[in-house]
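Welcome! Here is a short tour for anyone meeting this protein model for the first time. Please keep the sequence and the 3D view at hand as you read.

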Amino acid sequence: MATVELTKETFEEAFGREGLVLVDFWASWCGPCRNFAPVYERVSAEHPDAVFGKVDTEAERELAAAFEITSIPTLVVARDGIILYAEPGALPEVALKELVGKALELDMDEVRAAVAARQSAGN
């Protein structure tokens, strides 16, 4: 699947779905964002079952604020609606491929159990 633009109206459906979802928070004036875009596009072509979304932080300020985006590009990786990674900075292609691979290898039952344990410990 190629990358898809995500907006306030389409974000929830894309982000909350089962499976792997990556979101690139970017802006057109950002040099590192423009450099990362072709890398992101190439890796997206290798994973047709995953959603590779892009959020223009200038046009979608509410989404950027909801994710507390203070530096761009910022990449968010989620699987089955659980955020696994959220870091600013453009990744080299090899690192992005490795990150996608690691996210796909995770045992999500273990991840859900760890999240539940963390939430119950915080209550």
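Let us begin with Glu68, which sits in the loop between helix 3 and strand 4. This is a predicted model, and in it Glu68 has a positive phi of about 55° although it is not a glycine. Most residues other than glycine have a negative phi, and most peptide bonds are trans. Glu68 also counts as exposed, because its relative accessibility is 67%.

The loop between helix 3 and strand 4 (74-79) also holds Pro73. The peptide bond that leads from Ile72 to Pro73 is cis, and its omega is near 0°.

Asp80 is a further residue other than glycine with a positive phi, here near 55°. You will find Asp80 in the loop between strand 4 and strand 5 (82-88).

## The overall fold

How many helices and strands does the chain have? There are five helices and five strands, and along the sequence they follow the pattern β-α-β-α-β-α-β-β-α-α.

A compact globule of 123 residues would have a radius of gyration near 14 Å, and the chain agrees with this because its own value is 14 Å. Along the principal axes, the C-alpha atoms fill a box of roughly 40 × 30 × 25 Å. Of the contacts with a separation of 6 or more, 73% join residues 24 or more positions apart.

Cys30 and Cys33 form it, with their sulfur atoms 2.4 Å apart. Are these two cysteines buried or exposed? Both Cys30 and Cys33 are buried. The torsion about their S-S bond is about 80°, so the disulfide is right-handed.

Now look for Ala59, in the loop between strand 3 (51-56) and helix 3 (61-66). Ala59 is exposed, because its relative accessible area is 55%. Ala59 and Ala27 are 32 residues apart in sequence, while their C-alpha atoms are 8.6 Å apart in space.

## Surface and charge

Buried residues make up 39% of the 123 residues in the chain. The chain exposes about 7000 Å², and carbon and sulfur atoms supply 53% of that area.

The chain carries 11 positive and 22 negative charges, and the mean positions of these two groups are 3 Å apart.

How values were computed:
Residues numbered from 1 in each chain as written. Predicted model: local features only at pLDDT ≥ 70, side-chain atom pairs only at ≥ 80, totals over all residues. Heavy atoms only, no water. Helix = DSSP H or I, 4+ residues; strand = E, 2+ residues; numbered from the N terminus. Rg over C-alpha atoms; globule rule 2.2 N^0.38 Å. Buried < 20%, exposed > 50% of the residue type's maximum accessible area, 1.4 Å probe, protein only. Contact = heavy atoms within 4.5 Å. Areas by Shrake-Rupley, 256 points an atom, 1.4 Å probe, with all protein chains shown as cover. Lys, Arg positive; Asp, Glu negative; His and termini not counted. Charge placed at Lys NZ, Arg CZ, Asp CG, Glu CD. Disulfide = S-S within 2.5 Å.
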